[in-house]
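Please display the structure for the conversation that follows.

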Amino acid sequence: MPQYILFHKPYGVLSQFTPEDGARSLAEFDLPPGVYPAGRLDKDSEGLLLLTDDGPLIEQLLHPRYQKPKTYWVLVERVPDEAALQRLRDGLRIEGYTTLPCQAQLLQPQPQVAPRDPPVRVRKSVQDVWLEITVVEGKNRQVRKMTAAIGHPTLRLIRRSIANLQLEALAPGQWRAIAREDIQWGDVAAAGSQASAGTTARRPLGSPVISARRPGAWFHKGR
């Protein structure tokens, strides 16, 4: 049977199993053999990463025609006003393309997020705030470029969800296995998100599962 793993990628870790230029990789987290990332997070981003050996699901997640909402908590420099947030929502012209409309709001109340190692740069004279931004695209460093375009550089970025899949209480470096039926794309994703907390049959954090079939050509290299 295919395997499906939710993993909280820590800061400074590559979304691949092969180290590069001295950076940490997924190889150090005792993930089940045979799984590969369905998508990626930049080394300096944190949060939810789905790993699987289900090739068709990876293709469905990564192909541009299958738009899957991805929600991020984004720590930005200074407090953006409503006009700046509306610019994010409407779409921005960035490096030759215009971003699709998105959801963006100031988190109220501000979340209590565990400190990062290494810590985020803090300036006593500048107030930093957390935004929640939901996009359906996945262009390179898109969210960071979007906040920079409105004059509020990103200091820290945590992916909280992919469609109905939620980071929830997973600590950095932890993972858990889920079932295929827990992954709900499209119109049923919203309903699945509400129900998942009470219905998902979970294995213990970091528990091993049986290795499934070998991955095909759709997987990233490096393992």
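The questions and answers below concern the chain shown above.

Visitor: On what basis are the values computed, and how many helices and strands are there in the chain?
Guide: This is a predicted model, in which local features need pLDDT of at least 70 and side-chain atom pairs count only at pLDDT 80 or more, while totals for chains, interfaces and linings use all residues. Residues are numbered from 1 along each chain as its sequence is written, and side-chain values use heavy atoms, with hydrogens and water left out. Helices (H or I, at least four residues) and strands (E, at least two) are DSSP runs, numbered from the N terminus. The chain has four helices and 11 strands.

Visitor: What percentage of the residues in the chain is buried?
Guide: Buried means under 20% relative accessible area, exposed over 50%, and partly exposed in between (1.4 Å probe, protein chains only). Of the 223 residues in the chain, the buried share is 49%.

Visitor: Which residues have the most contacts inside the largest nonpolar core?
Guide: A nonpolar core is a set of buried Ala, Val, Leu, Ile, Met, Phe, Trp, Tyr and Cys residues joined through side-chain atoms within 4.5 Å. The largest one has 23 residues, and the elements giving two or more residues to it are β1 (4-9), β3 (46-52), α1 (55-62), β4 (70-77) and β9 (154-162). Apart from it lies another core of 20 residues, including Leu88 and Ile133. Inside the largest core, the residues with the most contacts are Leu6, Leu50, Leu165, Ile183 and Trp185.

Visitor: Which residues does Ile183 touch, not counting residues up to four places away in sequence?
Guide: Contact means heavy atoms within 4.5 Å. Ile183 is among the residues with the most contacts inside the largest nonpolar core. With that sequence exclusion, Ile183 touches Tyr4, Leu57, Asn164, Leu165 and Ile178.

Visitor: Which residues of helix α3 are buried?
Guide: Helix α3 spans residues 142-149, and its buried residues are covered by elements including β4, α2 (82-90), β8 (128-135) and β9. Gly151, with a positive phi near 85°, follows α3. The buried residues of α3 are Gln142, Val143, Arg144, Met146 and Thr147.

Visitor: Which residues are the closest to the centre of the largest pocket?
Guide: On a 1 Å grid over the protein atoms alone, a pocket is an open set of points where a 1.4 Å probe fits, with protein on both sides within 12 Å along at least five of seven lines; lining residues have an atom within 4 Å of a point. The largest pocket has a volume of about 630 Å³, a volume being the space filled by probe spheres set on the points, which are joined across faces, edges and corners. Elements α1, β4, α3 and β9 each supply at least two lining residues. Of the 29 lining residues, the closest to the centre are Lys70, Tyr72, Glu137, Gly138 and Lys139.

Visitor: Is Ala163 buried or exposed?
Guide: Ala163 lies in the loop between β9 and β10 (165-166). Its phi is positive, near 50°. Because its relative accessibility is 11%, Ala163 counts as buried.
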